[in-house]
Amino acid sequence: MCQVEFEMACAAIKQLKGPVSDREKLLVYSFYKQATQGDCNIPAPPATDVKAKAKWEAWNENRGMSKMDAMRIYVAKVEELKKNDTG
């Protein structure tokens, strides 16, 4: 796994034409944040901000995962989404 593969996956996800479920979007987001910033380092948003809270929880679930592992999973997830892209 290298930085180039990760960057290519980051670009590829923007090219998907088919719909991506909210759950899939959260997963991809969480691994991207873990790969680029490491463990979640911001306070949890209020429960009233449902979208921000969901994103925070998804990222925080990856706590302790190495940036390299997060990159690997991110790339694999993007490849899976590309295969299933029906757009």
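Buried residues are those under 20% relative accessible area, exposed residues are over 50%, and partly exposed residues lie in between, using a 1.4 Å probe and protein chains only. Arg23, at 59% relative accessibility, therefore counts as exposed. This is a predicted model, in which local features need pLDDT of at least 70 and side-chain atom pairs count only at pLDDT 80 or more, while totals for chains, interfaces and linings use all residues. Residues are numbered from 1 along each chain as its sequence is written, and side-chain values use heavy atoms, with hydrogens and water left out.

Helices are DSSP runs (H or I, at least four residues), numbered from the N terminus. In helix 1, the buried residues include Phe6, Ala9, Cys10 and Ala12. These residues cover an arc of only 165 degrees around the axis, which puts them on the same side of helix 1. The arc is taken from the directions that run from the helix axis to the C-beta atoms. Val4 and Met8 are exposed and sit on the face of helix 1 turned away from its buried side. Helix 2 and helix 4 are among what covers the buried residues of helix 1.

Helix 4 (residues 67-83) has 17 residues, which at 1.5 Å a residue should span 24 Å; its end C-alpha atoms are 24 Å apart, which agrees. The expected span is 1.5 Å times one less than the number of residues. The buried residues of helix 4 are Ala70, Met71, Tyr74, Val75, Lys77, Val78 and Leu81. Seen down the axis of helix 4, its buried residues fall within an arc of 165 degrees, so they line one face of the helix. An α-helix has 3.6 residues a turn, so residues three or four places apart point the same way. The cover over the buried residues of helix 4 includes helix 1 (3-13) and helix 2.

## Aromatic rings

Rings of Phe, Tyr and Trp (its six-membered ring) pair if their centres lie within 6.5 Å; planes under 30 degrees apart count as stacked, over 60 as edge-to-face and the rest as tilted. The structure holds 3 aromatic pairs. Two of the pairs involve Phe6, and they are set out here.

| Pair | Centre to centre | Between the planes | Type |
|---|---|---|---|
| Phe6 and Tyr32 | 6.0 Å | 15 degrees | stacked |
| Phe6 and Tyr74 | 5.1 Å | 55 degrees | tilted |

Phe6 lies in helix 1 and Tyr32 in helix 2, so their pair ties together parts that are 26 residues apart in sequence. Phe6 lies in helix 1 and Tyr74 in helix 4, so this other pair ties together parts that are 68 residues apart in sequence. Ring pairs link Phe6, Tyr32 and Tyr74 into a cluster. Phe6 is buried, with a relative accessible area of 3%, and Tyr74 is also buried, at 3% relative accessibility. Tyr32, at 35% relative accessibility, counts as partly exposed.

Charges also sit over rings, a term that applies if NZ of Lys or CZ of Arg is within 6 Å of the ring centre and within 35 degrees of the ring normal. Lys33 lies over the face of Trp59, at 4.8 Å from the ring centre. Lys55 lies over the face of Tyr29, at 4.8 Å from the ring centre.

## Residues of helix 2

Gln34 is found in helix 2 (residues 22-37) and is buried, with a relative accessible area of 0%. A polar contact is a pair of N or O atoms within 3.5 Å; within protein, one must be able to donate a hydrogen and the other to accept it, and residues adjacent in sequence count only if both atoms are side-chain atoms. The side chains of Gln34 and Trp59 are joined by a polar contact of 3.4 Å. The side chain of Gln34 also reaches the backbone oxygen of Met65 at 2.9 Å. Contact in general means heavy atoms within 4.5 Å. Leaving aside neighbours within four places in sequence, the residues in contact with Gln34 include Asp39, Cys40, Asn62, Arg63, Gly64, Lys67 and Ala70.

Ser30 is another residue of helix 2, and Ser30 is buried, with a relative accessible area of 2%. Beyond its neighbours within four places in sequence, Ser30 is in contact with Ala58, Trp59 and Asn62. Asn60, in helix 3 (residues 50-60), is partly exposed at 22% relative accessibility. The C-alpha atoms of Asn60 and Ser30 are separated by 7.8 Å, though the two are 30 residues apart along the chain.

Arg23 also has its place in helix 2. Arg23 and Gly64 are 41 residues apart in sequence and 21 Å apart in space, C-alpha to C-alpha.

Conventions:
Helices (H or I, at least four residues) and strands (E, at least two) are DSSP runs, numbered from the N terminus.
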